[in-house]
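Let us walk through the inside of this protein.

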Amino acid sequence: MTNKILLIDGMALLFRHFYATSLHNQFMRTSTGMPTNGVQGFVRHVFTAINEIDPSHVAVCWDMGKATFRNEMYDGYKQNRPAPPEELIPQFDFVKEVSNQFGFVNIGVQNYEADDVIGTLAQAYSDEHQIYVITGDRDILQCINPNVEIWLTKKGFNIYNRYTLDRFQSEYGLDPKQLIDVKAFMGDTADGYPGVKGIGEKTAIKLIQNHGSVESVIHALDELTPGQRKKIETDMDNLKLSKSLAEIHTQVPLNASSLLNDMKFATDITKILNICNEHELFVSRKYLTTHFN
């Protein structure tokens, strides 16, 4: 492998650490009153990952607003999510500013989600490079291939559920792309799309293990139990729609070769600590000093 490329779901880390501390009203405000708790968790998490992976290239991928092409396909997509708390709102721009000053490339594309950006870059680079993805979203498991590892956040700053291709295949008995078909049946309450009512993950996995795809299950309806057949026939339109919504778009308009050059990363811990000081990210600075200086 020529390079080790780290792709980070920035919003996943920001939200994770905001809610982990806001639960106890620990907003870690600056002298001007700006809350920094989500940003400080983001900083500590990212540099812990960099220390462990030692990547040659780093990019942080972001959602760009609430509406994407999926909302055009289905009005209810992600519409059940509450508005962000007022303490989190100013941290959206703040975290990107800090990320940029650290030397990370921030990537977000209007009308697409961070998952789509990550999926596009992982596919573009994985023929020649080793890719590591840090996220909290299991949907991205569909992007695993021999050179793409997914590290799902689990606990603290350095405990992950790590998925390689071998682990995914042995655990699910499927290829990663077939996760799209599984999600089509089970739907996703967090993302607000329906799937087939009454079919959960276990049944969905079994159907895809036996038949291979949503389309093959539909062609084999007469082989299913009467109950399964009725559920699928009743929710046929939702099944087809949910498959489209579940698939990560890997053709986001990006100049992958140009971005790769921008993503080159070398850590200068003194510079990083100075940036933390400048933005009053004192909890992050202490953590980085203790662990990496």
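Contact here means heavy atoms within 4.5 Å. Keep that cut-off in mind for leucine 121. The model is a predicted one. Leaving aside neighbours within four places in sequence, leucine 121 is in contact with Leu7, Cys61, Ile107, Leu254, Ala256 and Leu259.

That residue belongs to a wider group. In soluble globular proteins, nonpolar side chains tend to be buried together. The largest nonpolar core in this model has 52 residues. Leu121 is among those with the most contacts inside this core, along with Leu7, Tyr125, Leu141, Ile150, Phe185 and Ile232. Helix 5, residues 114-125, supplies the largest share of the core, 6 residues.

Now turn to the empty space. Rolling a probe the size of a water molecule over the atoms shows where such space is left. The structure holds 1 cavity of 30 Å³ or more. About 80 Å³ of space lies in the largest cavity. Which classes of residue line the largest cavity? Its lining has 8 charged residues, 4 nonpolar ones and no polar ones. Among the charged residues of that lining are Arg70, Lys78, Glu113, Asp115, Asp137, Asp139, Asp191 and Glu247. Tyr77, Leu245, Ala246 and Ile248 line the largest cavity too. Both domain 1 and domain 2 give residues to this lining, so the largest cavity lies between them.

The open space comes last. The largest pocket has a volume of about 1,200 Å³. Its lining takes in 42 residues. Met11, Phe15, Asp63, Lys78 and Arg81 are the lining residues that lie nearest the pocket centre. Lys78 lines the largest cavity as well. Helix 1 (10-22), helix 4 (89-102), helix 5 and helix 7 (179-186) are the elements that give two or more residues to the pocket lining. Of these, helix 1 gives the most, with 6 residues. By class, the pocket lining divides into 20 nonpolar, 17 charged and 5 polar residues. Domain 1 and domain 2 each give at least three residues to the lining of the largest pocket.

Technical notes
Residues are numbered from 1 along each chain as its sequence is written. This is a predicted model: local features need pLDDT of at least 70, side-chain atom pairs count only at pLDDT 80 or more; totals for chains, interfaces and linings use all residues. Side-chain values use heavy atoms; hydrogens and water are left out. A nonpolar core is a set of buried Ala, Val, Leu, Ile, Met, Phe, Trp, Tyr and Cys residues joined through side-chain atoms within 4.5 Å. Buried means under 20% relative accessible area, exposed over 50%, partly exposed in between (1.4 Å probe, protein chains only). Helices (H or I, at least four residues) and strands (E, at least two) are DSSP runs, numbered from the N terminus. On a 1 Å grid over the protein atoms alone, a cavity is a set of points where a 1.4 Å probe fits but cannot get out, and a pocket is an open set with protein on both sides within 12 Å along at least five of seven lines; lining residues have an atom within 4 Å of a point. Grid points are joined across faces, edges and corners, and a volume is the space filled by probe spheres set on the points. Domain bounds come from an automatic or database domain assignment.
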